[in-house]
Amino acid sequence: MEVKIRNITKKFGSFVAVDKLNLNIQDGEFVALLGPSGCGKTTTLLMLAGIYKPDAGEIIFGDKVVNDILTKDRNIGMCFQNYALYPHMTVAQNIAFPLKLRKLPRDLIEKKVKEIANKFHVDVLLNRFPSEISGGQQQRVALARALVKEPKILLLDEPLSNLDSRLRISMRAEIKKLQKDLGITTVFVTHDQTEALSMCDKIAVMNKGVLQDFKTPEELYMFPENLFIAGFIGNPPMNFMEVIYVRENDKVLLKEKSFQIQLPDSVQQKYIKKQSGDKLILGIRPENIMLGNEGQNAVKGEIYVVEPLGRDKLVNVIIGSNRLKIIAPQNYKGNMGDKVFVHLDLDKIHLFDSVGGKSLRIAA
């Protein structure tokens, strides 16, 4: 089912939790609401669920405005961070509960419970209580309960945050596969960018109640629209340096106190031309910086610390007043205090306005 959010606003007193939010979620899409705590993502989800009512705007399921429709009548499935399983009920009874509320025949309920339990691999747990099964198993039961009534829309509120890291990785894959198999429109709230990037078709990045951008994971990572997105998406995060944009004859230079870089024509053409002397923010991701020898556009620095990460190393390099994080091969031999030369992949740099933080990239 298609979900449309039209200029919805939600206030708590004078605090604006969600401010004029607009989203179009296509039928069958898996969409993440991503952002830091307090950005409005859970408030948005609760408005979709009917638990909160918008102060302004419309929520449309298919072609029907649902602002005044009760939660129980919205044909949604919900799964929360704490699973919300009834401790006094068995797994079978928990899964069956939504069907009992619909007063379906007992034999049909039993059939549906067995079918969904098999799909989630909890069929051998049906007679156990929630306290007798693991966190991952509880997560599967909660999802089974949300989906047993065959909802048109699935709403997930940080369902993986209580799991250990290994189980979280496993459940990411399971939920993504299940969503694709069922083709159910899904809205997933998370503050974990890895979950959003790896699982979802599109991501709505929010900050302070305002939508920053709504695109595919690849588009957000490769072409961030502003400094907030650039710094929030990516692990390790993007490096930022304040530079001066200088035009000298036919050359464009990015100058900082300790270095200057000449931009090739091919890179200049990607960005809005600025006035010589303007301050900009230069951004570059750790994987797009190389440690090498002296040469054109090489920047001299000093290793601050090296962090082994197993398959590679994260090298922190001090350049003037900046500290850059650089991904280096696992066999890199540099040590703390070593003088090094840093090479930026200029095709992969990002330039942002220093005042509003907006990307200066010219839209393709």
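## Accessibility and the model

A residue counts as buried under 20% relative accessible area and as exposed over 50%, with partly exposed in between. The structure discussed here is a predicted model. Phenylalanine 12 has a relative accessibility of 37% and is therefore partly exposed.

## Aromatic pairs

Five aromatic pairs are found when the whole structure is searched. In one of them, the ring centres of phenylalanine 12 and tyrosine 52 lie 5.4 Å apart with the planes at 70°, so this pair is edge-to-face. The two residues come from distant parts of the chain, 40 residues apart. Phenylalanine 12 belongs to strand β1 (residues 3-12), whereas tyrosine 52 sits in the loop between α1 (41-49) and β4 (56-61).

Phenylalanine 240 is partly exposed at 30% relative accessibility, whereas phenylalanine 352 is buried, with a relative accessible area of 0%.

## Charges over rings

Phenylalanine 12 also has a charged neighbour: lysine 10 lies over the face of its ring, 5.5 Å from the ring centre. Elsewhere, arginine 285 is placed over the face of tyrosine 221, at 4.0 Å from the ring centre.

How values were computed:
Residues are numbered from 1 along each chain as its sequence is written. This is a predicted model: local features need pLDDT of at least 70, side-chain atom pairs count only at pLDDT 80 or more; totals for chains, interfaces and linings use all residues. Side-chain values use heavy atoms; hydrogens and water are left out. Rings of Phe, Tyr and Trp (its six-membered ring) pair if their centres lie within 6.5 Å; planes under 30 degrees apart count as stacked, over 60 as edge-to-face and the rest as tilted. Helices (H or I, at least four residues) and strands (E, at least two) are DSSP runs, numbered from the N terminus. Buried means under 20% relative accessible area, exposed over 50%, partly exposed in between (1.4 Å probe, protein chains only). A charge sits over a ring if NZ of Lys or CZ of Arg is within 6 Å of the ring centre and within 35 degrees of the ring normal.
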